[in-house]
Amino acid sequence: MNFGEKLRILRKEKGLSQKDVAEKLKISLRTYSSYELNQRRPRTQAKWEEIATFFGKDVDYLQIDDIDKKAAILESYRRDEMRLVYSRFEADATSKIVPFLEQLGWTVERESAMRHYKCDLAAYLPSTRIFFEFKVFSSHTPLTQYLYNIYGMVSTIPKDDERETYFFIISNTDNLKSEATLRAPQNLEIPIKFFSFNQERKEFDSPEMFKLISSLSQ
């Protein structure tokens, strides 16, 4: 139902005429009639609250049409599901990475705060640092736009004169690496490496990342 339909039902439940309600709300009959026809809506939050109080309803109930509410609920469910998928993906991938790093003597920080960016995981040696970003893509995710966003973000990472810096992207698809090959970053001082993790098998698709970490540990 829309705003007008809700008002009409609420008014009839109270056994009132449009004129009665208009007088109670101190508005013209013409204005109230336009509300019920869904041609107009209150212009101020105070009036919304007054109408809601009069009918014993929340303001949100009056303001949000059912179709919009359903769409909002579905979007909320979708976001919650994606957050859960991402959380599980990050946990599974991290469980493989962190013990390996610590075994090689790296200092590991989760959700490491940098000056312009907060990464998911960071690892440090006296001469090297690695920032990790975990990303779960759906089939319709625009990989190109994501790449450009990453390139822009990496370009803002503060320089560390004492440590060589790397940026690792851990995703659920190898397509990101292929996309990066076609659209290589320009003039970035920090190398970006792409690795794919198979969550079903809970394994990385190749040992490439671990070999690189081992070489950086020497």
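This is a predicted model: local features need pLDDT of at least 70, side-chain atom pairs count only at pLDDT 80 or more; totals for chains, interfaces and linings use all residues.
Okay, pockets to start. The largest pocket comes out at about 310 Å³. Helix H6, residues 66-103, and strand S3, residues 128-135, each give at least two residues to its lining. H6 has the largest share, with five residues. Among the lining residues you'll find Arg78, Arg79, Met82, Arg83 and Tyr86, plus Glu133, Phe134 and Lys135. By type, that lining splits into five charged, four nonpolar and three polar residues.

Now the second largest pocket, with a volume of about 230 Å³. It has 15 lining residues, and those closest to its centre are Ile157, Lys159, Thr165, Glu189 and Ile190.

On to helix H8, residues 175-182. Which of its residues are buried? Leu176, Glu179 and Ala180. Looking down the axis of H8, those buried residues sit within an arc of 100 degrees, so they line one face of the helix. As a reminder, an α-helix has 3.6 residues a turn, so residues three or four places apart point the same way. What do the buried residues of H8 pack against? Helix H7 (143-154), and strands S4 (164-171) and S5 (192-198). On the face turned away from the buried side, H8 carries the exposed residues Thr181 and Leu182.

Last one: lysine 211, over in helix H9, residues 208-217. Its relative accessible area is 59%, and anything over 50% counts as exposed, so lysine 211 is exposed.

Notes. Residues are numbered from 1 along each chain as its sequence is written. Side-chain values use heavy atoms; hydrogens and water are left out. Helices (H or I, at least four residues) and strands (E, at least two) are DSSP runs, numbered from the N terminus. Buried means under 20% relative accessible area, exposed over 50%, partly exposed in between (1.4 Å probe, protein chains only). The arc is that of the directions from the helix axis to the C-beta atoms. Contact means heavy atoms within 4.5 Å. On a 1 Å grid over the protein atoms alone, a cavity is a set of points where a 1.4 Å probe fits but cannot get out, and a pocket is an open set with protein on both sides within 12 Å along at least five of seven lines; lining residues have an atom within 4 Å of a point. Grid points are joined across faces, edges and corners, and a volume is the space filled by probe spheres set on the points. Ala, Val, Leu, Ile, Met, Phe, Trp, Tyr, Cys and Pro count as nonpolar, Asp, Glu, Lys and Arg as charged, and the others, Gly among them, as polar.
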